[in-house]
Structures are given as C-alpha cells and as structure tokens.
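Hi,

Here is the structure I promised to pass on to you. Have a look at it first, and then read my notes below.

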Amino acid sequence: MSDKSGHGYRFGNLRLNGHSQIGVHTGIGHDNRWDVYQDRRACVWGNPGDSVTVRNDRRRIVDTESWGRRVTDQALPPR
C-alpha cells in the first residue's frame, strides 16, 4: 500500500478473499484477522486530496481509495 507522498506499508503474509476488507491503522496494536497496525507514532494517511494504492505481490493494482478531507484513525466509526 502506498501514497503519492512516498509513504508505504507492506502487509507481509496477508491473504484476502475477493470483496473482503481489513482495517489498516497507523498506530500501535496487535494485528488480527480484522485489523492490521503499522506501529507508526504519527499519522501519514488521510491528507486532504490524498489517495492510496494497494498492489498485490506481483505489483498489480488491486484497489485504490481517495478522499477529499482529513481522515484520522480517531474519525473512523467504531468497529
């Protein structure tokens, strides 16, 4: 997963079925089957007009997401 600013996150050994989803969090936590944590201390995702690209292990684009206003982990609805 990467953005235009050069921030990146590699999921490691993660496999998702089609139409699956997982929460990706900037902060510190324990990965589980619903959420992964990047263990960063500062937010790097969610700048106004930002977008993220998700690629598979063959570097093919599998998803993109863009947003127009600031989004932080605290602004996301609870699970």
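Let me begin with a strand pair: strand β1 (residues 2–3) and β4 run antiparallel and are joined by two bridges. Within this pair, Ser2 sits opposite Thr53 of β4. Strands here are DSSP runs of E with at least two residues, helices are runs of H or I with at least four residues, and both are numbered from the N terminus. Two strands count as paired if DSSP finds at least two bridges between them.

Before you go further, please note that this is a predicted model, in which local features need pLDDT of at least 70, side-chain atom pairs count only at pLDDT 80 or more, and totals for chains, interfaces and linings use all residues. Residues are numbered from 1 along each chain as its sequence is written, and side-chain values use heavy atoms, with hydrogens and water left out.

Now the overall picture. The protein has five strands and zero helices, so to read it from the N terminus you follow β-β-β-β-β.

Strand β4 (residues 51–55) also pairs with β5, in the antiparallel sense, over five bridges. There, Val52 has Glu65 in β5 as its bridge partner. The hairpin of β4 and β5 has five residues between the strands, and Arg59 in this hairpin takes a positive phi near 70 degrees.

Is β5 buried or in the open? Strand β5 (residues 61–66) lies largely in the open, because zero of its six residues are buried. Buried means under 20% relative accessible area, with a 1.4 Å probe and protein chains only. In the protein, 23% of the 79 residues are buried.

Enjoy exploring!

Key
Buried < 20%, exposed > 50% of the residue type's maximum accessible area, 1.4 Å probe, protein only.
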